[in-house]
Amino acid sequence: MANIHFSEEGKHAETPLKKANYKSFVLWIGIVVVLGVGLFIWAPWSSGLYNKYEISKQMSVTERGESAGVLNKAAELYNAGDYTAARKIMQREYMSNPQDPLLSYYFSITLIKNSQEHEARTVLKKLYEGESAFKYDAAYYVALSYIKQDNKKEALIWLSKIPQGTPNYQKAKELSGKL
């Protein structure tokens, strides 16, 4: 069936009616649904497992002595989210005092935040092997560093090293279940 239109000369012209193409409509609806589900599952706006499960959001320094001022400045930068500047300060301090567990712990986190996971694991493994109060926090962050690099197998190994009764055990157990 055609619509009849009159042209300027008075003659009528035929224009075909456009029929709804339901197959292409259904196809496009399907594509939109698949993309919507894909985005929901992938969720690029979510912070990811590393950010969801990190524990040291704030750095607090109770050091005394001549390095206290320098570490306070590093803590200010760390707490403000300037991990690059904080790492530079902490790296100098760490080089002169690698046995300081607090410094080692936060320095390693700044390394992870600056995508230097391998270097961070070197520092964290020393903490884990020692008798520091940060021993199991170090194991937890080694696992997180592997998660950040999408190495689930190694992350699970390090999460299993966190014993029941320690502060991060529940998070480690929950995180293991998500891997």
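Mentor: Let's start with a pair of helices: helix 6 and helix 7 cross in a left-handed way. Left-handed means the near helix is turned anticlockwise from the far one by less than a right angle, while clockwise would be right-handed. Helices here are DSSP runs of H or I with at least four residues, strands are runs of E with at least two, and both are numbered from the N terminus. Bear in mind that this is a predicted model, where local features need pLDDT of at least 70, side-chain atom pairs count only at pLDDT 80 or more, and totals for chains, interfaces and linings use all residues. Residues are numbered from 1 along each chain as its sequence is written, and side-chain values use heavy atoms, with hydrogens and water left out.

Trainee: At roughly what angle do the axes of helix 6 and helix 7 cross?

Mentor: Roughly 160°, and the axes come within 8 Å; helix 7 covers residues 135–148. The axes are lines fitted to C-alpha atoms, for helices over the stretch in contact, with angles from 0 to 180 degrees between N-to-C directions.

Trainee: Which residues of helix 6 meet helix 7?

Mentor: E117, R121, L124, K125, L127, Y128 and E129 do, and their partners in helix 7 include Y136, A139, V142 and Y146. Nonpolar is Ala, Val, Leu, Ile, Met, Phe, Trp, Tyr, Cys and Pro; charged is Asp, Glu, Lys and Arg; the others, Gly among them, are polar.

Trainee: And how do helix 5 and helix 6 cross?

Mentor: Helix 5 (residues 101–113) and helix 6 (residues 117–129) have axes that come within 8 Å and cross at roughly 160°. That crossing is left-handed. On the helix 5 side, the residues meeting helix 6 include Y105, F107 and L111; on the helix 6 side, A120, V123 and L124 are among them. This contact divides into 9 nonpolar, 2 polar and 2 charged residues.

Trainee: What about T110, is it buried or exposed?

Mentor: T110, in helix 5, is buried, with a relative accessible area of 0%. Buried means under 20%, exposed over 50%, and partly exposed in between, with a 1.4 Å probe and protein chains only. Leaving aside neighbours within four places in sequence, T110 is in contact (heavy atoms within 4.5 Å) with Y78, Y83, A86, R87 and M90.

Trainee: Okay, and A143, what does that touch?

Mentor: Not counting residues up to four places away in sequence, A143 touches A155, W158 and L159. A143 lies in helix 7 and is buried at 0% relative accessible area.

Trainee: Switching to loops: where does D150 lie?

Mentor: In the loop between helix 7 and helix 8 (152–159). D150 counts as exposed at 59% relative accessibility, and its phi is near 60°, a positive value in a residue other than glycine.
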